Amino acid sequence: MTFADGGGGENVRLATYVPRVPKPTTVFVCSACATESAKWHGQCPGCGAWNALAEETRTAPNGRAPSRRAARPVRLAEVQAERHDRLSTGIGELDRILGGGIVPGSLVLIGGSPGIGKSTLTSMALGNLQGAGRRTLYVSGEESAAQIRLRAERLPGAALEVPVLAETDLDTVLATLDAERPEVCVVDSVQTLHAADLTSAAGSVGQVREVADRITRLAKARNIAVLLVGHVTKEGALAGPRVLEHLVDCVLQFEGERERTYRTLRALKNRFGSTNDVGVFEMRQGGLVEVADASARFVGEATRAPGSVVLAAMEGSRPLLVEVQALVSPSELVPPRRVANGIDRNRLALVLAVLGRHAGVGVGSADVFVNVAGGVRVDEPGADLAVALAVASAARGVALGGGESPVACFGEVGLTGELRSVGHPDRRLAEARKFGLSPVIAPGEATATLRQALKVALGGRQARAA
Ligand code: TYD
Ligand code: MG
């Protein structure tokens, strides 16, 4: 085959014809795991998600050969590492989760479902920083400047002094960041910004990755600390999580239920601190308020009714007392309902099976509801015993410990009906004692099995903890 150049000159063989203009290519990107493929598939070849592939157009690079020049590695001892003081956000719980404040030039991703309070938290942090004489900038692609002002009016501190930019175009945002050079900037949210050179819609994996990537590069170059707000999907994952997690220094997760007042903030990843801590907040009229002594709150609210028990939980390195409640009620439904709020559904199923098989408490065809009061989520095996005691107490209609004072407990339930020890028993015990909870039921000599623990709890005798 030949290619005619129209001018009547020589024919050029098509095989040697190299187009000069970069040709846009089409790829299909999975919105869950960012796997790319040349063809559309109903199921993502990477993660198996259905109907998650979206088309994206890319302009191919201009075909220049990559640089082959070798770079000189540097011995670590010769690397200049400046130590920066951390920037305090004025919110004690947030500073603690970050590992002592914001590290200058770092990138923090704050995830959470809509309405949880991400904008409120970041507005408050910027207000405090601005009040402390730092240069800040609040970039919002979600709300208008007027809406942001209305929220800021409710907030304490210098929230009204924070400069805002309501903008969704990434290039404008980057240019503004470069011109203003704030020390701390909030981008609310990463899903609303739009890079004009990508054809896909704002919020798609390609866009989110591009936006985060370009913000990261500018922020590192200009030493701007950026708090990136990100929405979580229905399934509870940050949209395009794997795309962003490796890019940022710190991933914070804001959890809780919108209708409840309590919210928890925890670090899923932190390059400058531990990921063990959790902060508890309460949403009030005037913004988020830190709950420094969450245990006192939850114990104070605990009932002594049948179906209630206090769990001495560990939230990272910090003990936290929370009330676990259960309701067992006759049901016509087949299969009966198993509802778990604040604990894992599978753990509930396991505990119910062990209760029936090894402890003589069968719930049979009754509906079972288990709830961690206050909207807190506990994700640790130490919660098993609390679930078991609450369900047994509800099923029997008997208050634990005779209903005099709230009973506390912790421990993992094994498949053969044994109680297994969990981390930090001493700190859990100390926390329960601090609030005068007695007895505290935990894995020990006299309480080696779930059956024995039930006997102690329902009989109201003192238990010796391990
Ligand atoms: P918001 O920070 O906008 O949530 P997100 O950015 O995560 O979507 O706030 C969520 C809710 O909090 C909103 O429904 C109103 C409520 N709220 C208060 O109760 N008190 C307050 O002082 C503020 C600012 C908000
Ligand atoms: Mg918001």
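Is Ser 106 buried or exposed? Select Ser 106 and see. At 4% relative accessibility, Ser 106 is buried. Keep in mind on this tour that the model is predicted.

**Stop 1: around Ser 106**

Stay on Ser 106. This residue sits in the loop between α1 and β6 (107–112). Show its side chain and the backbone of Val 103. The Ser 106 side chain reaches the backbone oxygen of Val 103 at 2.7 Å. Now bring up the contacts from further along the chain. Setting aside neighbours within four places in sequence, Ser 106 touches Lys 220, Ile 224, Ala 225, Val 226, Asp 249 and Phe 272.

**Stop 2: the whole chain**

Zoom out and switch to a cartoon view. The protein chain has eleven helices and 22 strands. Its 466 residues include 47% that are buried. Consider the contacts between residues at least 6 apart in sequence: 67% of them join residues at least 24 apart. The accessible surface of the chain is about 22,900 Å², and carbon and sulfur atoms account for 51% of that.

**Stop 3: ligand 1**

Select ligand 1 and show what lies around it. It is surrounded by 16 residues. The closest are Ser 119, Thr 120, Arg 284, Gln 285 and Gly 287.

Start with Thr 120: an N or O atom in its side chain is 2.5 Å from an oxygen atom of ligand 1. Move to Gly 287. Here a backbone N or O atom lies 2.6 Å from an oxygen atom of the ligand. Then select Arg 154, where a side-chain N or O atom is 3.2 Å from a nitrogen atom of ligand 1. How much of the ligand's accessible area does the protein cover? On its own, ligand 1 has 560 Å² of accessible area, and the protein covers 76% of it.

**Stop 4: salt bridges**

The whole structure holds 25 salt bridges. Visit a few of them.

Select Arg 134 and Glu 183. Their side chains meet in a salt bridge, 3.0 Å from N to O. Arg 134 is in the loop between α2 (118–131) and β7 (136–140), while Glu 183 is in the loop between α4 (170–180) and β9 (184–188), so this pair ties together parts that are 49 residues apart in sequence. Arg 134 itself is partly exposed, with a relative accessible area of 31%.

Next, select Glu 143 and Arg 151. These side chains also form a salt bridge, at 2.8 Å from N to O. Arg 151 is buried, at 14% relative accessibility. Why does 14% count as buried? The cut-off for buried is under 20% relative accessible area.

Now go to helix α5 (residues 205–222). Arg 217 and Asp 213 are four residues apart in this helix, so about one helical turn separates them. Their side chains meet in a salt bridge of 3.1 Å, N to O. Compare the two ends. Arg 217 is exposed, at 54% relative accessibility, whereas Asp 213 is partly exposed, at 27%.

One more selection here: Asp 171, Asp 197, Glu 210 and Arg 214. Salt bridges link these four in a network.

**Stop 5: Glu 93**

Move to helix α1 and select Glu 93. This residue is buried, at 6% relative accessibility. What does Glu 93 contact, leaving aside its neighbours within four places in sequence? The partners are Val 278, Gly 279, Val 280, Phe 281, Glu 290, Val 291 and Arg 318.

**Stop 6: Ser 405**

Select Ser 405, in the loop between α9 (384–396) and β19 (408–409). At 23% relative accessibility, Ser 405 is partly exposed. Beyond neighbours within four places in sequence, Ser 405 is in contact with Arg 304 and Ser 438.

**Stop 7: a patch on the surface**

Finish by selecting Val 74, Leu 76 and Val 79. Together they form a nonpolar surface patch with about 300 Å² of accessible area. Centre on Val 79, in the loop between β5 (53–59) and α1 (92–98). Val 79 is partly exposed, at 42% relative accessibility.

Note on methods
Residues are numbered from 1 along each chain as its sequence is written. Chains are lettered from A and ligands numbered from 1 in the order in which they are written. This is a predicted model: local features need pLDDT of at least 70, side-chain atom pairs count only at pLDDT 80 or more; totals for chains, interfaces and linings use all residues. Side-chain values use heavy atoms; hydrogens and water are left out. Patches are made of residues with over 30% relative accessible area and no salt bridge: like charges are joined within 9 Å, nonpolar side chains (Val, Leu, Ile, Met, Phe, Trp, Tyr) within 5 Å. Accessible areas come from the Shrake-Rupley method with a 1.4 Å probe; for residues, only the protein chains shown count as cover. Helices (H or I, at least four residues) and strands (E, at least two) are DSSP runs, numbered from the N terminus. Buried means under 20% relative accessible area, exposed over 50%, partly exposed in between (1.4 Å probe, protein chains only). Contact means heavy atoms within 4.5 Å. A residue is near a molecule or strand if one of its heavy atoms lies within 4 Å of it. A polar contact is a pair of N or O atoms within 3.5 Å; within protein, one must be able to donate a hydrogen and the other to accept it, and residues adjacent in sequence count only if both atoms are side-chain atoms.
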